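Please have your viewer ready.

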Amino acid sequence: MFQLVGYDEVFNGEVAGLWRKASGAGESGDAHGISHVVAIMGPQSSGKSTIMNRLFGTDFFTMDEDQGRYQVTQGIWLGFDRKSGTAVIDLEGTDSRERGEDAVTFERKSALFALAISEVLIINLWTQDVGRLNASNILLLRTVLEQDLVLFHDEKSAPMRTKLLFLFRDHDMATPLPRLSNVMKEDLQGIWKQITAGTVHNESQLEEFFDLEFYALPHKVLMPEEFEAACLELRANFQKEDIFKSSYDRQLSLDGFPVFAGGVWETIRRDKELDLPAQRELVAVVRCDEFKKEALEAAEEELGVVKEAINTGDDTKLAAVGEDIGGIVSRAFEVFDENAQRYPEKAVSKRAELEASLSALATGIFGSHADKVRRQLLEAFGTQLKSLTSWNGFGKGLKGFVTTAMGKFDSLCATNVDYIEPEYSAKREQLSSSIELQARRWRDSAVKSSLQQLQAHYGSSFAPPCAAILDAAAKHVDTVWALVAQLSHKSYKTVKEEASTRFATEGLALPPDVERSAIIALKLDCEEETLRQIHGLIGSPSLFLTRVKQCFFDQFRNDANGLPRVWGPDDDITEVYEKALEVSADVANALSTVNRFDLDDPEVAKESVKHFDDECYIEQIKASLQKEAEAAFAESKRSQEQMKAQMMGVQGQLPVWLVAALILLGFDEAVWVLKNPLLLILCIVLTAVGYVGYVLNIHVFLRDRFRRDMNSVLQRTKRALDQIAPDTPAADTSVTSSISMN
């Protein structure tokens, strides 16, 4: 028993908890609905609380007669009979001196409240007040009947009946009960005609809307035994439910009663139009919201545990996340469905809201779990990629890593929860895209590395033979670029075959389109490497000039066999010079423009490339070559002229008399030599050798060689003497120096 509405007309904010305690709402096994609602109204101190305690076993406060007549029940109080499941409402008595003139307002509101939520409204009257206007609450009953038509019998309201049970107190049997009942019926009929006049209910009767019942109770003090017997009889009627009809049912649930009562009271208090179906709908909304909140809070608590396991758990715990989330969500729906089944009109929409909330919550937690697994797998995948250091088996290894990563994601994140499935699919797609991107980058890096290696292989196989071809350009100046084209084709064919092996299934396992692109890139790289190597071999203008000059000197100073030329007195230096200069100019012209050919088909020519962007370089090189060639030509001519002069000088230096003296004095020796063939031959040979040596200045060479050899011998001798007699270095040094100088 507790106060439902305070004396100040404020609805008790703690009704929900008090009601659960009083009625057992929310306990295991409680009924889904209130069996009945009974309210009592009547004058102050007329024994309302006493009779309700007798009928329903409640413990409403009653007046202590020794203290006089005073207001006991203030506001509206609520009790509950658990045996019959009946909610009992005790209204504040009417016509109280405590409220004074303000009593009418509260009396009207409380009567409307009782009429709105009760199936049976007991009007407690003193028998002697029957026939009176105010004492019998006729004016208040008029208000009740008027509002009943508005609440339950307008065009938009569902039909609903109410039993009005008039309880005549202190009946002394002087006036029979039927007579008292007729008086009350006449008064009620008169009121009914007044309030229905000019309305759609003008032709209707009171009994069409209300069931009237009258009951008399003897005097409690003067006839206590009869009073108790009458109370027991009336209580038995309530317990047998003889007094209730199905048309009285307000369709109130046990747990939703406080919300419904609060909504009705606030509507009446604010003088708004009272719409009971809307109030019942409000109860359904509020209660379903509460059920939804309870289910959601329970799910949040359990999902919090799952979230903690995600943050700290190992693979074993992670693998059960999807199953755990599914179980938590299912239990939340079971709790909601069990509680909300009493409000089917709102259960569907609130269940949809609960599903949306659970979906968002579970999806968020599952998303965190999937993100964690995805990050771990991406990190592990990146580590595995670093082990692919060779092109051999790269594709097979990469495919295995991808399969392992996706399989592990499926094992750790797979779920059978429908609304998590899209999140699972999205996260799986993210992982697949990230892995594909990372794998493509790693594969592209491997392809790039292979192309660089293949380009290096091409360069190493192309450069040395190309250098030899360019060095010998004077011998095949017209076909130099054709030879280079054949060489580049051969080198490219070799690296292309190697590339096909690398890009095949057992290697990088490139898709066909990627392999085609890689081969094209390789060809471009090799073409670039070809030009780079050629430009490097030909070199800068200074190196190019050196090459051309070397070509000239090779032609000018060496003969056809490559041996150094020794200009004789009769050699035609001018012819050799002009021919060497012509060949050098042809080489310069040929090498100044690089003729390009297709690497796959050396017969197909491509656009030529100038070695020097500025044509002035070629003219400057030719001018420098001309100057160097003229200097070499002049030196050779000067050397030839000196040789001729020396030969002429030997013959002219011997006087005639000396020649005659030599002949006379050496005649005998000459005869002797002539008579001796061996000696004659020896003299002839020595003379020829001496002549040649003189002409070639061999005697100077022999003199210098002799001095170098002697210096070497003296140095070795000095070191030997130093080891034998280290105390006499000065003497040895002076000797050695003198010998060396001589």
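I681, V685 and V689 together make a nonpolar surface patch of about 270 Å². Areas come from the Shrake-Rupley method with a 1.4 Å probe. V689 belongs to helix α21 (residues 677-695), and its 54% relative accessibility makes it exposed; exposed means over 50%, buried under 20%.

This is a predicted model, so local features need pLDDT of at least 70 and side-chain atom pairs pLDDT 80 or more, while totals for chains, interfaces and linings use all residues. Numbering starts from 1 along each chain as its sequence is written, and side-chain values use heavy atoms, without hydrogens and water.

Now for helix α14. Helices are DSSP runs of H or I with at least four residues, and strands are runs of E with at least two. With 24 residues at 1.5 Å a residue, α14 (residues 480-503) should span 34 Å, which agrees with the 34 Å between its end C-alpha atoms; the expected span is 1.5 Å times one less than the number of residues. Among its buried residues are W481, L487, Y492 and F503.

| Element | Residues |
|---|---|
| α13 | 421-471 |
| α15 | 512-538 |
| α17 | 573-592 |
| β8 | 593-597 |

Overall, the chain has 23 helices and nine strands, and 43% of its 742 residues count as buried.

Note on methods: Buried means under 20% relative accessible area, exposed over 50%, partly exposed in between (1.4 Å probe, protein chains only). Contact means heavy atoms within 4.5 Å. Patches are made of residues with over 30% relative accessible area and no salt bridge: like charges are joined within 9 Å, nonpolar side chains (Val, Leu, Ile, Met, Phe, Trp, Tyr) within 5 Å. A salt bridge is a side-chain nitrogen of Lys or Arg within 4 Å of a carboxyl oxygen of Asp or Glu.
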